[in-house]
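Hi everyone, thanks for making time for this. Let me put the model up on the screen so that we can go through it together.

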Amino acid sequence: MQTVYLKILEGKACFRGEASLKTWLFAVIRKTAIGEHRKSILRRLRWSDSSEATTTLVSPLEQPGVAFEKSETQALFQSAMKSLPRRQREALHLVFYQDLSLSEAAEVMGISIGSARQHYDRGKKRLREFFRTNGKCIWN
């Protein structure tokens, strides 16, 4: 709410009389909340990109061969994700890791559902191509 008040006081949100004051205020609140939610998800996305590269998700109790194979696959997958354009990486991350639908991901990214679907599909296609060219096929 403080951010909403600041937007109004600084003149970033102007009431033009096109709707009722109540409707306008709720629209400013909704748009601000969506923007803040998007920023927090993108911050987590950036943070997880940098921190995931240093952590290994393999249990030390597993057999050494299996543990090595998992860590190698994870590293390969992370490098594949990093090779994607930013929007494709964001779309895939939001859908797979944040458990958002494509329409929710589009809203968070601030783009249309059609654009989000394109980024998502192109990202999956690029990942498949990456794994085919690197000799690892983790899915069909």
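This is a predicted model: local features need pLDDT of at least 70, side-chain atom pairs count only at pLDDT 80 or more; totals for chains, interfaces and linings use all residues.

Residues are numbered from 1 along each chain as its sequence is written, and side-chain values use heavy atoms, with hydrogens and water left out. Helices here are DSSP runs of H or I with at least four residues, numbered from the N terminus.

Two packed helices are described by the angle between their axes and the distance between the axes. The axes are lines fitted to C-alpha atoms over the stretch in contact, and the angles run from 0 to 180 degrees between N-to-C directions.

Let's start with helix 4 and helix 5, whose axes come within 9 Å and cross at roughly 130°. That makes helix 4 oblique to helix 5 (oblique is what remains after under 35 degrees for roughly parallel, over 145 for roughly antiparallel and 65 to 115 for roughly perpendicular). On the helix 4 side, the contact (heavy atoms within 4.5 Å) involves Arg-87, Glu-90, Ala-91, Leu-94 and Val-95, and they meet Leu-102, Ala-105, Val-108 and Met-109 of helix 5. Sorted by class, that is 7 nonpolar, no polar and 2 charged residues, with Asp, Glu, Lys and Arg counting as charged, Ala, Val, Leu, Ile, Met, Phe, Trp, Tyr, Cys and Pro as nonpolar, and the others as polar.

Next, helix 5 (residues 102-109) and helix 6 (residues 113-133): their axes come within 8 Å and cross at roughly 105°. So helix 5 is roughly perpendicular to helix 6. Leu-102, Ser-103 and Ala-106 touch Ile-113, Ala-116, Arg-117 and Tyr-120 there.

How many residues of helix 4 are buried? The count is 8 of its 11 residues, where buried means under 20% relative accessible area, exposed over 50%, and partly exposed in between, with a 1.4 Å probe and protein chains only. Among them are Leu-92, His-93 and Leu-94.

Of its 19 residues, Met-81, Leu-92, Leu-94, Tyr-120, Leu-127 and Phe-131 touch the most other members.

Beyond its neighbours within four places in sequence, Ile-8 contacts Ala-13, Trp-24 and Leu-25.

Technical notes
Helices (H or I, at least four residues) and strands (E, at least two) are DSSP runs, numbered from the N terminus. A nonpolar core is a set of buried Ala, Val, Leu, Ile, Met, Phe, Trp, Tyr and Cys residues joined through side-chain atoms within 4.5 Å.
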